[in-house]
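Welcome! Take a moment to turn the model around on your screen, and then read on for a short briefing.

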Amino acid sequence: MSKYEIPFLTACIHAFSQRFAMTRQAAFQYLQKHKGLGFLIEFYDVEHLQSMDETIDDLCIVCQKNGGKLI
């Protein structure tokens, strides 16, 4: 993991928590459980070039495919 990925992951967790009105800890746990964090790490090279809204939309799709229920 590069030194640039950690701030990106932190920003994504924060944005996700704000969109769904949850704590950052709850957002982290949700993303970890439904493979959103793994997705962000694996596809960092593409995702960090998109807007944060697009990245959060992608996270929603990935998490829903892995059992997540947030919409």
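Helices here are DSSP runs of H or I with at least four residues, strands are runs of E with at least two, and both are numbered from the N terminus. This is a predicted model, in which local features need pLDDT of at least 70 and side-chain atom pairs count only at pLDDT 80 or more, while totals for chains, interfaces and linings use all residues. Residues are numbered from 1 along each chain as its sequence is written, and side-chain values use heavy atoms, with hydrogens and water left out.

**Helix 1**
- Which residues of helix 1 are buried? They are Glu 5, Phe 8, Leu 9, Cys 12, Ile 13, Ala 15, Phe 16 and Ser 17.
- Buried means under 20% relative accessible area, exposed means over 50%, and partly exposed is in between (1.4 Å probe, protein chains only).
- An α-helix has 3.6 residues a turn, so residues three or four places apart point the same way.

**Two loop residues with positive phi**
- Ala 21 sits in the loop between helix 1 (5-19) and helix 2 (24-33). Its phi is near 50°, a positive value in a residue other than glycine, and Ala 21 is exposed, with a relative accessible area of 73%.
- Lys 35 is found in the loop between helix 2 and helix 3 (36-42). Phi of Lys 35 is near 70°, again positive in a residue other than glycine, and Lys 35 is exposed at 52% relative accessible area.

**The whole protein**
- How many helices and strands does the protein have? There are five helices and zero strands, giving the pattern α-α-α-α-α along the sequence.
- With 71 residues, a compact globule would have a radius of gyration near 11 Å, and the protein agrees at 11 Å. This radius is taken over C-alpha atoms, and the globule rule is 2.2 Å times the number of residues to the power 0.38.
- Along its principal axes, the C-alpha trace spans about 30 × 20 × 20 Å.
- Buried residues make up 37% of the 71 residues.
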